[in-house]
Amino acid sequence: MDGSVILDNVVMRFDDFTAIEPTSLEIRSGEFFSFLGPSGCGKTTLLNIISGFLSPTDGDVRIGNASMRGVPVNHRPTAMIFQNLALFPLMSVYQNIEFGLEVRGVDRATRRRKADELLELVALGGSGGKPVSALSGGQKQRVAIARALAVEPRVLLLDEPLSALDLKLRQHMRNELKAIQRKTGITFIYITHDQGEALAMSDRVAVMSAGRIQQVADPETLYHRPQTGFVATFVGENNRLAGRVIECRDGRATLDIPGLGRLSGRSGSELSPGRPAALFVRPESLSLSDAVGSAAASMLEAHIETVSFEGAWRMLEARLIATRETVRILVGQGAGDVLQPGQTARFGYDPDNAIVLADDGAPTHDAEMGETPRASSQPAQENRHVPSA
Amino acid sequence: MFRQLKARFGVPVAMAIVGILGVWLIAMVTLPQLQMIDYSFRPSLLPAEIGGPKDGWTLANYVTLFNNDIHLSIFFKTLWSSVFVTLLTLLVSYPLAYYLAKIATPGQAALCLLLLIVPFWINEILRTFSWFILLAFRGPLNEILLSLGLIERPIRFLNGDTGVLVGMVYAYLLFMVFPLYNAIESLDGNQIRAARDLGAGSLRTHWRIVIPHAKPGIATGCIMTFMLAAGSYAVPALLGSPGSRWFTQIIYNWFFEGGDWNQGAAYAFLLLILCIGFMALVMRLFKVGLADIAK
Ligand SMILES: Nc1ncnc2c1ncn2[C@@H]1O[C@H](COP(=O)(O)OP(=O)(O)OP(=O)(O)O)[C@@H](O)[C@H]1O
Ligand SMILES: [Mg+2]
């Protein structure tokens with residue numbers, strides 16, 4: 001059963017607004033693949049193109065190597081889990097799950113057996129006779145999954161299915177979704193604007209911005225080797241310091257940053273001297289200066305503005321004295337205890353833990369977000385992804 | 001209600017409001033109806049005989065219908081035709097309501113609704129009469145059909161029930177479209193999409209998802225249309241032929257041509273019972289309560 005999905009130069013235009021720029025991509029059979037991007041970047045549009053609710057302005061979708069051009073929604077080997085679940089409220093749990101089988105003319109006994117199996121799979125055994133309205137949020141979620149799996153799709157499409165759940169349940173359902181995906185071996189295409197969710201569950205993630213795929217990679221690579229400024233700032237937190245390339249050698253790039261002087265890091269994209277570029281340092285890669293050796297080039301002086309307690313860590317917000325830019329620094333408890341708002345401190349970083357990316361004028365996540373809440377304003381424990389590696 | 005009014009306006013005003021309401025309900029609604037019921041159970045007498053030995057309660061007026069084959073057949077014909085009009089109106093209104101609620105853009109929907117409503121600013125008699133002109137033997141519809149070569153000689157639309165059916169479907173369309181529209185409009189579009197996504201074709205999607213959801217609206221529309229159709233006078237009077245008389249026309253005749261109010265009142269109550277029976281049946285069939293319909 002080939003559940004691969006190939007997007008071949010897919011373009012979607014609404015009147016003169018291009019929602020999806022030309023996109024080509026291969027999603028492997030049996031993969032847990034996520035599209036991650038801020039609101040309005042075209043995730044749902046892409047999912048609707050795969051499921052057949054929209055036909056692309058140009059290009060083709062192939063599922064299991066068969067072109068989907070002209071194949072209507074009800075004949076595609078996909079099943080969708082809607083953001084609001086869209087369970088049928090006038091039907092029982094059984095009737096919901098059996099709906100797709102009924103459509104396919106499966107007889108009553110087989111339908112019921114299959115529904116019972118699926119209810120076991122989603123840990124809802126024995127609830128088949130209940131009306132949908134009697135279920136809790138998490139249970140509804142499971143029924144939606146069972147209903148979609150009942151039609152034995154080759155590809156399961158999930159449109160932010162967890163966003164309506166509370167934090168605890170959301171984390172629990174993440175694990176469960178991942179487990180179900182492993183057990184069934186079905187290709188999962190998951191869309192979300194929550195990077196924590198995407199990184200925790202996916203085999204690979206495509207980061208999208210304004211209708212364009214920025215990078216496709218596994219979570220570790222996305223986090224440690226972002227290819228664009230957008231990815232660097234959208235996936236996990238990052239401090240961005242913009243300047244101009246001075247030299248570029250042995251995988252190391254040095255920038256001249258106005259007010260801060262020469263700073264260097266690993267070079268993460270094509271760079272040439274004289275071109276604008278930016279240095280990205282994660283909050284956990286910055287530390288109080290005495291903790292790092294004393295490489296003067298990697299030193300920043302800042303005025304601490306806020307200290308927020310986050311369990312084992314403290315998040316500092318500090319303003320660089322030279323440029324008035326705000327940086328965020330994550331420090332361990334020991335160091336955090338002595339730091340108070342109002343103090344001035346020196347921070348350093350190891351250039352191996354910083355990355356330099358070309359500044360091609362494309363918006364970074366912070367610049368683009370506007371009124372939508374920053375990922376970092378959500379509960380920190382849930383959102384920050386600090387790979388243990 | 002009295003307590004709320006009292007809290008708001010004080011005792012005298014509250015009493016006045018409740019009093020006026022009570023008088024209106026009793027004097028203008030209940031009493032005339034009771035009077036009619038009373039009439040229907042008394043024989044038709046000369047003024048001099050009222051209160052005399054011949055006066056008294058009797059079922060004779062009700063029995064008349066069952067002893068008069070012509071009237072009885074018109075009674076049942078009115079029933080079947082009204083059911084038929086209701087189904088026909090439902091058939092026409094459902095796609096229209098679905099289109100308005102789920103397919104049309106807001107602009108298109110607004111335009112359509114306006115176009116539907118505008119003709120209803122015109123008096124019902126005039127509207128019905130315009131159908132008389134359209135459907136006439138030498139009227140525009142026959143002209144068009146003839147010139148398209150679809151028929152060879154003009155059809156007498158007004159000579160049977162066709163004119164009445166067309167006129168009624170048209171006259172009561174809105175009473176069906178609006179309840180349906182309201183019901184379908186409240187259906188989450190993702191439900192329809194989910195059904196399609198699970199493999200259902202559009203017929204099954206309507207049958208299993210849209211129609212069950214719209215059931216209270218369908219029931220409301222059917223009840224309203226049936227009652228209006230069964231109680232219609234203008235449409236059958238204008239568009240019908242002598243062979244397609246409606247029960248309301250017979251009631252009218254008893255009152256104003258036969259001068260027998262007692263008989264007319266009895267017939268009118270039989271029609272009312274028919275309507276109530278139909279309503280109860282529809283509510284039973286659709287498993288909806290009065291509260292669902294009042295929405
Ligand atoms: N039918 C349409 N007509 C015109 N523009 C549309 C249509 N559907 C989507 N768009 C536009 O395309 C862009 C992408 O929309 P889409 O729904 O795919 O975003 P999204 O990434 O799913 O966002 P969210 O996270 O908020 O759901 C948006 O700017 C949206 O306004
Ligand atoms: Mg979306």
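**Exercise 1. Determine how confident the prediction is along chain A, and which stretch calls for caution.**

The average comes first: chain A has a mean pLDDT of 83, and 89% of its residues score at least 70. Where pLDDT is low, the predicted coordinates should not be read in detail.

**Exercise 2. Work out the strand order of the four-stranded sheet in chain A, and find which strands stand at its edges.**

Begin with the pairings of strand β4 (residues 58–63) of chain A. Strand β1 (residues 5–14) of chain A pairs with β4(A) in the antiparallel sense over five bridges; within this pairing A:V11 has A:D58 as its bridge partner, and A:V5 has A:I63. β4(A) also pairs with strand β5 (residues 66–67) of chain A, again in the antiparallel sense, over two bridges, and here A:R62 is bridged to A:S67.

The whole is an open, antiparallel sheet in the order β2-β1-β4-β5 of chain A. Because β2 (17–27) and β5 of chain A each have a single partner strand, they stand at the edges, and one side of each is left without a neighbour in the sheet.

**Exercise 3. Describe the six-stranded sheet of chain A and the helix α4(A) that packs on it.**

The order of this open sheet is β6-β7-β8-β3-β9-β10 of chain A, with mixed pairing. Its edge strands are β6 (78–81) and β10 (212–217) of chain A, each of which pairs on one side only, while neighbouring strands are turned by 20° against each other on average when direction is ignored. As an example of a parallel pair, strand β3 (residues 32–36) of chain A joins strand β9 (residues 204–209) of chain A over four bridges, with A:F33 standing opposite A:R204. Helix α4 (residues 137–150) of chain A packs on the sheet, where it touches β6 and β7 (155–159) of chain A and makes about 170° with the direction of β6(A).

**Exercise 4. Classify the contacts that helix α4 (residues 69–103) of chain B makes with α3(B) and α5(B) by angle and by residue class.**

Take α3 (residues 60–67) of chain B, whose axis lies 5 Å from that of α4(B) at an angle of about 85°. Since angles of 65 to 115 degrees count as roughly perpendicular, α3(B) is roughly perpendicular to α4(B). The contact joins B:L65, B:F66 and B:N67 of α3(B) to B:D69, B:H71, B:L72 and B:F75 of α4(B), which gives four nonpolar, two polar and one charged residues.

Turn next to α5 (residues 106–117) of chain B: its axis and that of α4(B) come within 8 Å and cross at roughly 140°, and therefore α4(B) is oblique to α5(B). This crossing is left-handed. On the α4(B) side the residues are B:L96, B:Y99 and B:L100, and they meet B:Q108, B:A109, B:C112, B:L113 and B:L116 of α5(B); by class, these are seven nonpolar, one polar and no charged.

Note on methods
Residues numbered from 1 in each chain as written. Chains lettered and ligands numbered in written order. Predicted model: local features only at pLDDT ≥ 70, side-chain atom pairs only at ≥ 80, totals over all residues. Heavy atoms only, no water. pLDDT = per-residue confidence, 0-100. Axes fitted to C-alpha atoms, helices over the stretch in contact; angles between N-to-C directions. Parallel < 35°, antiparallel > 145°, perpendicular 65-115°, else oblique. Left-handed = near helix turned anticlockwise from the far one by under 90°. Contact = heavy atoms within 4.5 Å. Nonpolar A, V, L, I, M, F, W, Y, C, P; charged D, E, K, R; others polar. Pairing = 2+ DSSP bridges.
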